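Please look over the protein shown below.

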Amino acid sequence: MEQWKEYRLGDLLSHFKSGKSIKSDKIDESGDYPVYGGNGLRGFTDTTNFVGDCAIIGRQGIYLWECHII
């Protein structure tokens, strides 16, 4: 069994940041890449601004603190 590791909360939170925005006029019902926001899938686009796994956390309104792993 793996051991738990202890971290300072501030050290973990320093890895979170706001990603690069995709303007809403570039988001459509079809495209090569999915576009996610704090409340889940927003649509698709033909250009990408991120490759890899990430956590998406809602920053405002009803979806504040809602989390998605993409």
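Cysteine 54 is partly exposed, with a relative accessible area of 27% (buried means under 20%, exposed over 50%, partly exposed in between, with a 1.4 Å probe and protein chains only). Cysteine 67 is exposed, at 52%. Which cysteine sulfur is closest to that of cysteine 54? The closest is the sulfur of cysteine 67, 12 Å away, which is too far for a bond. The structure therefore holds zero disulfides, a disulfide being a pair of cysteine sulfur atoms within 2.5 Å.

The model is predicted; local features need pLDDT of at least 70, side-chain atom pairs count only at pLDDT 80 or more, and totals for chains, interfaces and linings use all residues. Residues are numbered from 1 along each chain as its sequence is written, and side-chain values use heavy atoms, with hydrogens and water left out. The mean pLDDT (the predictor's confidence in each residue, from 0 to 100) is 83, and 99% of the residues reach 70 or more. Helices (H or I, at least four residues) and strands (E, at least two) are DSSP runs, numbered from the N terminus.

Histidine 68 lies in strand S4 and is partly exposed, with a relative accessible area of 22%. Leaving aside neighbours within four places in sequence, histidine 68 is in contact (heavy atoms within 4.5 Å) with Gly37, Gly38, Asn39, Gly40, Cys54, Ala55 and Ile56. Histidine 68 and glycine 52 are 16 residues apart in sequence, and their C-alpha atoms are 14 Å apart in space.

Strand S1 (residues 33–37) pairs with S2 in the antiparallel sense over five bridges; two strands pair if DSSP finds at least two bridges between them. A hairpin of two residues joins S1 to S2. Tyrosine 36 has leucine 41, in S2, as its bridge partner.

On a 1 Å grid over the protein atoms alone, a pocket is an open set of points where a 1.4 Å probe fits, with protein on both sides within 12 Å along at least five of seven lines; lining residues have an atom within 4 Å of a point. The volume of the largest pocket is about 1,300 Å³, counted as the space filled by probe spheres set on the points, which are joined across faces, edges and corners. S1, S2 and strand S3 (55–57) each supply at least two lining residues, and S1 gives the most, with five.
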